[in-house]
Amino acid sequence: MKYIPVAASSLFAATALALASWAGTVAMTLVVCVICVFIALGWPQLMGVTARRSLSSVIAAAGVIAALGAAVVGTADNLFFWSSVALAFGVMSVFLIQVLRGTGRPHRLESTIGACAGVLIATTTAGWVAGLRYPVELAGASGGEDATGILTVRGLLAVENFTLLAVTGASGELAVVTLAAGTLGVGTLLAFMPLRNALAMTLVVAGSVAAAIGMTLAWGELTLLFAGTLGLVAGLLLASFRRFLVAKGPPQGILSGIAVGAAPIAAMGALTYFTERLLLV
């Protein structure tokens, strides 16, 4: 019962991202912005910091600007550019707020570190938009006639050199971000099973890898290396957050629980995007 807001937030975010990946960039951007707002509302409360309204505004603004930037840039190389810009200005804004608060304010160091962490998490959420657009933009840059074309991906076995990956959900195949969101959903369900910590963490990692490979075999055409890597990254991320929750105890307040649940889903956006950059050719 104590972790219901956390689990519900994670499942809601993962499901919304999976559905938005089929609807297109606009829907994905809207979902990412909503996730950023939820994180911003609960993050200062989670960190126990003061100046919550101003810091929540900075966190939300950084995440929304990063997402909108990823949605409107014209080239694949600049998809994550605005995330870097939003992160830099978000951190500077946090320090500016602390200066304007004046001297002698309590918990200034905790407020600064906690808010900067929230800005970082919020800006990584833009990776979901960038991850949805990157294969399509790359296909267009390669001279493909159709933006929903296919790209070669690096394989684990020699025979996989001929395996192709559908790069957008609109083509009827499995998009990379859809696979990542679905894997996170399965991993979240496994993470909140009432098991011993060591067993649960192993189950989360193994189950996420199996879910990624299983969904690929069922709905998409993806190499073992790509699916396995994405599943492993998702599993390790969720297992780490589960370990953090067990060590620190359940968050105090519903907004804090929502922020904690949405945080690993948000962070997976950047990891998905950079996995694409590494393995898509």
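Let's start with Y273: at 1% relative accessibility, this residue counts as buried. Buried means under 20% relative accessible area, exposed means over 50%, and partly exposed is in between, with a 1.4 Å probe and protein chains only.

A word on the source. This is a predicted model, where local features need pLDDT of at least 70, side-chain atom pairs count only at pLDDT 80 or more, and totals for chains, interfaces and linings use all residues. Residues are numbered from 1 along each chain as its sequence is written, and side-chain values use heavy atoms, with hydrogens and water left out.

Now the aromatic rings. How many aromatic pairs does a search of the whole structure find? The search finds five. Rings of Phe, Tyr and Trp (its six-membered ring) pair if their centres lie within 6.5 Å; planes under 30 degrees apart are stacked, over 60 edge-to-face, and the rest tilted.

Take F80 and F274. Their ring centres are 5.2 Å apart and their planes are at 70 degrees, so this pair is edge-to-face. The pair links distant parts of the chain, 194 residues apart. F80 sits in the loop between α3 (52–72) and α4 (81–100), and F274 in helix α10 (residues 254–279). Helices here are DSSP runs (H or I, at least four residues), numbered from the N terminus.

Back to Y273. Its ring and that of F274 have centres 5.1 Å apart and planes at 65 degrees, so they are edge-to-face too. F80 counts as buried, at 16% relative accessibility. Together, F80, Y134, Y273 and F274 form one aromatic cluster.

Next along α10 comes T275. T275 counts as buried, at 8% relative accessibility. A polar atom of its side chain lies 2.7 Å from the backbone oxygen of L271.

Last, the pockets. A pocket is an open set of points on a 1 Å grid over the protein atoms alone, where a 1.4 Å probe fits, with protein on both sides within 12 Å along at least five of seven lines; lining residues have an atom within 4 Å of a point. The largest pocket holds about 200 Å³ of space. Of its 16 lining residues, the closest to the centre are V6, A191, F192, R242 and L245. Which helix gives the most to this lining? It is α9, with five residues. The second largest pocket has a volume of about 150 Å³. Its lining includes F244, L245 and K248.

How values were computed. Helices (H or I, at least four residues) and strands (E, at least two) are DSSP runs, numbered from the N terminus. A polar contact is a pair of N or O atoms within 3.5 Å; within protein, one must be able to donate a hydrogen and the other to accept it, and residues adjacent in sequence count only if both atoms are side-chain atoms. Grid points are joined across faces, edges and corners, and a volume is the space filled by probe spheres set on the points.
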